[in-house]
Amino acid sequence: MKKTYRIAVLPGDGIGPEIMEEAVKVLSLVAEREGVTFEFKHGRIGGIAIDTDGTPLPEETLTIAKEADAVMLGAVGGPKWDQNPGHLRPEAGLLGIRKALGLFANIRPATMHPSLVEASSLKPEVVSGVDLIVVRELTGGIYFGEKKRYDGPNGEVAEDQCIYHEAEIERIVRVAFDIARKRQKRLVSVDKANVLESSRLWRKVTERVAADYPDVELSHMLVDACAMQLVRAPKQFDVIVTENMFGDILSDQAAMLTGSIGMLASASLAEGSFGLYEPVHGSAPDIAGQGIANPLATILSAAMMLRLSFGMDAAADAVERAVWSVLEAGHRTGDIAADRSRAIGTAEMGRLVREALQSQA
Ligand code: NAI
Ligand code: MG
């Protein structure tokens with residue numbers, strides 16, 4: 001019996017369906033090569049679900065996701081739904097599924113491919129060789145704390161509460177240590193322990209967990225210092241772990257070191273091996289339907305799924321190598337091309353990646 005993995009496929013809106021098609025084809029080839037079965041089940045999310053089912057996250061989609069071993073998501077949103085009320089906006093589908101699936105760990109790699117160095121806004125000698133991962137806590141902290149608005153003696157008052165529990169910190173920090181262990185074994189925990197009580201607990205728990213990972217070198221950095229170091233000397237970082245709001249900001253900053261939104265993959269993990277994988281970019285309505293979107297962020301997200309949810313490390317490496325070799329050969333979609341007149345389309349890029357994968361021993 002072949003081992004079977006169930007994958008929920010939620011293409012979403014705009015370029016979502018175009019880029020997802022290429023990722024699914026790459027995964028099908030991986031299944032063939034590895035002698036496993038990938039069972040794909042498609043579901044609707046975002047604008048398309050609003051139009052078809054009257055809600056951005058239909059029950060049926062949630063069931064498909066929950067019954068799967070992992071979820072691949074394209075992107076949601078577009079001008080068509082921009083004026084909708086909050087609960088009928090495509091983004092409500094995203095927030096809803098993240099919450100329903102208990103995705104507490106957001107993983108965002110920023111890897112500078114040598115042949116794309118010119119796409120960065122920073123100097124080549126600063127960014128070439130950057131290969132880091134930001135691990136962000138996704139379901140706690142100030143974004144989920146109690147919010148209040150009321151009138152005080154000196155005008156309106158607003159409150160956002162920031163709460164972290166020991167167990168919440170421990171589980172995200174363990175995810176980061178596990179990832180660091182498979183890489184350069186260097187973990188930087190980012191906090192604001194000179195000011196925030198929640199950060200002091202964060203640091204204490206991180207120190208305690210570190211005892212279980214003697215092979216990983218742990219250091220602490222204040223969030224403002226980290227923001228500076230990320231642009232000054234990003235190569236010093238291997239894995240960064242931080243709380244929700246700091247991670248929101250630092251993961252975007254780290255991602256932009258590498259230049260192109262069309263290349264950035266992400267994973268959001270729950271307890272166990274379950275995860276949701278999606279490109280960092282949105283639905284790109286400005287280029288949707290033209291067949292020119294870059295599918296590499298989605299294909300690289302699929303590689304993350306192979307590694308983090310299915311434990312298929314060799315297959316993940318092979319997909320990543322295939323992507324890099326296509327770039328090395330000079331193939332570019334419009335978003336990363338120096339000369340746009342020679343850019344290739346979505347399907348062609350997908351085909352080249354599969355060809356590169358096939359030609360690997
Ligand atoms: P966006 O990421 O969709 O697009 C920003 C720019 O990057 C556009 O010029 C677009 O053409 C380009 N781009 C993005 N992905 C690309 C790709 N794979 N290949 C080539 N070019 C690419 O962000 P924007 O324009 O702010 O948002 C558009 C819609 O997407 C909005 O409705 C927004 O709410 C939604 N969105 C959804 C996200 C998600 O599903 N996770 C994340 C961000 C935005
Ligand atoms: Mg953000």
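Which residues come nearest to ligand 1? Of the 22 residues around ligand 1, those that come nearest are G77, G262, H281, G282 and N294.

## Model and conventions

This is a predicted model, in which local features need pLDDT of at least 70 and side-chain atom pairs count only at pLDDT 80 or more, whereas totals for chains, interfaces and linings use all residues. Residues are numbered from 1 along each chain as its sequence is written, while chains are lettered from A and ligands numbered from 1 in the order in which they are written.

A residue is taken as near a molecule or strand if its C-beta atom, placed from the backbone, lies within 6 Å of it. The shell around ligand 1 comprises eleven nonpolar, seven polar and four charged residues. In this scheme Ala, Val, Leu, Ile, Met, Phe, Trp, Tyr, Cys and Pro count as nonpolar, Asp, Glu, Lys and Arg as charged, and the others, Gly among them, as polar.

## Domains and annotation

The domain assignment gives domain 1 (1–103 + 264–361) and domain 2 (131–257); such bounds come from an automatic or database domain assignment. The C-alpha centres of domain 1 and domain 2 are 27 Å apart.

According to the unreviewed UniProt entry, the annotation "domain: Isopropylmalate dehydrogenase-like" covers residues 6–353. UniProt positions are given in the numbering used here with shortened feature names, and annotations may be inferred rather than shown by experiment. The span 6–353 is 41% helix and 20% strand, and its end C-alpha atoms lie 23 Å apart. Helices (H or I, at least four residues) and strands (E, at least two) are DSSP runs, numbered from the N terminus.

## Annotated binding-site residues

UniProt (unreviewed entry) lists D224, D248 and D252 under "binding site". D224 belongs to helix α8 (residues 223–232) and is exposed, because 12 other C-beta atoms lie within 10 Å. D248 belongs to helix α9 (residues 244–257); with 17 C-beta neighbours inside 10 Å, D248 counts as partly exposed. The cut-offs are 20 or more other C-beta atoms within 10 Å for buried, 12 or fewer for exposed, and partly exposed in between, with C-beta atoms placed from the backbone.

## Strand pairing

Strand β8 (residues 186–191) pairs with strand β9 (residues 217–222) in the parallel sense over six bridges; two strands pair if DSSP finds at least two bridges between them. Opposite V190 stands M221 in β9. From β8 the chain passes through helix α7 (residues 197–210) to β9 in a right-handed β-α-β crossover. Right-handed denotes a path from the first strand over the helix to the second that runs clockwise with the strands pointing away from the viewer.

Strand β6 (residues 147–152) and strand β7 (residues 155–160) run antiparallel and are joined by six bridges. The two strands form a hairpin with two residues between them, and G152 has G155 in β7 as its bridge partner. β6 is hardly covered, the count of buried residues among its six residues being zero.

## Positive phi angles

K185 has a positive phi, near 65°, in a residue other than glycine. K185 is found in the loop between α6 (166–181) and β8, and counts as partly exposed because 15 C-beta neighbours lie inside 10 Å.

A284, likewise not a glycine, has a positive phi of about 40°. The loop between β12 (275–279) and α10 (296–308) contains A284. With 24 other C-beta atoms within 10 Å, A284 is buried.
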